[in-house]
Amino acid sequence: MPGTEISVQHLLTLPPRMVAEFEALEGRRRPEWFATSDPAGQPLGSGGGTANLLAEAWRATAPGEPFAGWLRQSRKLILHAGGLSRRLPAYAPAGKLLMPIPVFRWSRGQRLDQSLLDLQLADYQRVLAHAGPSTAALITSGDVLLRFARELPPFPDVDVLGLGMRVAAEKAKDFGVFFSPRGQPTELAFFLQKPAAAKIRSLAEDYICLVDTGMWLLSERAVRVLMERCGWEGSRFNGDAARRYELYAEFGLALGKNPTARDAAVSALTCAVVPLPEAQFYHFGANGQMIESVAALQNLELDESKVGRTGARQQPDQVTQNSRFDAALRREGNHTLWVENSVVPSGWQLASQ
């Protein structure tokens, strides 16, 4: 199926109030789009949240259709953005996925009212279209933006395919890490969640280490095993609600030739890991990360021949959008600044961060 037109159903977790208004505010309607949130007072983890989202989407968009039949109708793009957003409170009500992102001065075809979701979609759909014929779903996070080369490497057709990228051990320690034998770079030996930098460096003698981008491709078989780990029995959850289960810290640890956690059903799944070519990872999980990522993206292109003399100047980490901003700004004194939907008069004295 790589490179062909495919049908994609977009499944999102969002904060509860945004779920109620998602279709009206975003114009993204069922069945192509579906949004829900985890049940109140029941932290489900990334695995349980995925299982709950799949079950709710099936019931809401394909009533009367068997779950397995619905799963085969289209590939599922699963985007998680339903957290509490304590580190990014301005966008907690709508979800990080729907935060506004200014137009990049070097790019064409963007919109003034674009969101992080708008910028993510094309590449995620490209990955789904490139995946092998057994692929049922792509799971990813709503608070990151990944950029990578147009030409993708071959994707092994396995039950679980992790997409990784090469970064220094000091950065990889804050994420999940895939380890592959140096002689077999796509074979997954094991997966570790937030290993220490020293451990990554020591294992690098024998293994290729790739940080987890958060993008996992799952087959129908892998989805079934994940659902079962969350209490799924036939067509409902045992106890009527998904059990708490972590996709990366539990399911992931049981994958590979030499898994670090014991789970026979998960370990029996075929799996592989592929590095994304020329990958760039931008995080939007906190206020500082949001500003840092947008500033970095604005400065990706500084070639005068492409963006003109004014555009080629290094842009400061000061973001203003959809605002009337009359205050004087200083590059150093007012660094790490984000202003949106505001009127800032000339008499205001701004600080930084």
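Q: Which element gives the largest share of the lining of the second largest pocket?
A: Helix 4 does, with five residues. The model is predicted, so local features need pLDDT of at least 70 and side-chain atom pairs pLDDT 80 or more, while totals for chains, interfaces and linings use all residues. Residues are numbered from 1 along each chain as its sequence is written, and side-chain values use heavy atoms, without hydrogens or water.

Q: What makes helix 4 a helix, and which elements give two or more residues to the lining of the second largest pocket?
A: Helices are DSSP runs of H or I with at least four residues, strands are E runs of at least two, and numbering starts at the N terminus. Helix 4 (116–130) and strand 5 (144–147) are the elements that give two or more residues to this lining.

Q: What is the volume of the second largest pocket, and which residues are closest to its centre?
A: The volume is about 490 Å³. Of the 20 lining residues, Gln110, Leu119, Ala122, Asp123 and Arg147 are closest to the centre. A pocket is an open set of points on a 1 Å grid over the protein atoms alone, where a 1.4 Å probe fits, with protein on both sides within 12 Å along at least five of seven lines; lining residues have an atom within 4 Å of a point. Points are joined across faces, edges and corners, and the volume is the space filled by probe spheres set on them.

Q: How do the residues of the lining of the second largest pocket divide?
A: Eight are nonpolar, five polar and seven charged. Ala, Val, Leu, Ile, Met, Phe, Trp, Tyr, Cys and Pro count as nonpolar, Asp, Glu, Lys and Arg as charged, and the others, Gly among them, as polar.

Q: What is the volume of the largest pocket, and which residues are closest to its centre?
A: The largest pocket has a volume of about 1600 Å³. It is lined by 46 residues, and Ser46, His80, Gly83, Ser141 and Asp143 are the closest to its centre. Elements giving two or more residues include helix 2 (45–61) and strand 9 (207–219). The lining holds 16 nonpolar, 20 polar and ten charged residues.

Q: Why is Arg126 called buried?
A: Its relative accessible area is 13%. Buried means under 20%, exposed over 50%, and partly exposed in between (1.4 Å probe, protein chains only). So Arg126 counts as buried. Arg126 lies in helix 4. Beyond neighbours within four places in sequence, Arg126 is in contact (heavy atoms within 4.5 Å) with Phe148, Ala149, Arg150 and Leu152.

Q: Why is the pair of Phe67 and Trp70 called tilted?
A: First, the total: there are 14 aromatic pairs. In this one, the centres are 5.6 Å apart and the planes make 45°. Rings of Phe, Tyr and Trp (its six-membered ring) pair if their centres lie within 6.5 Å; planes under 30 degrees apart are stacked, over 60 edge-to-face, the rest tilted. So this pair is tilted. Both Phe67 and Trp70 are buried.

Q: What makes the pair of Phe175 and Phe281 edge-to-face?
A: The planes stand at 75°, with centres 5.5 Å apart, so the pair passes both tests. Phe175 lies in a loop and Phe281 in strand 13, so the pair ties together parts 106 residues apart in sequence. Phe175 is partly exposed at 22% relative accessibility, whereas Phe281 is buried at 16%.

Q: How do you know that Lys76 lies over the face of Trp70?
A: Lys76 is 4.0 Å from the ring centre. The rule asks for NZ of Lys or CZ of Arg within 6 Å of the centre and within 35 degrees of the ring normal. The charged end of Arg28 likewise sits over the ring of Trp33, at 4.6 Å from its centre.
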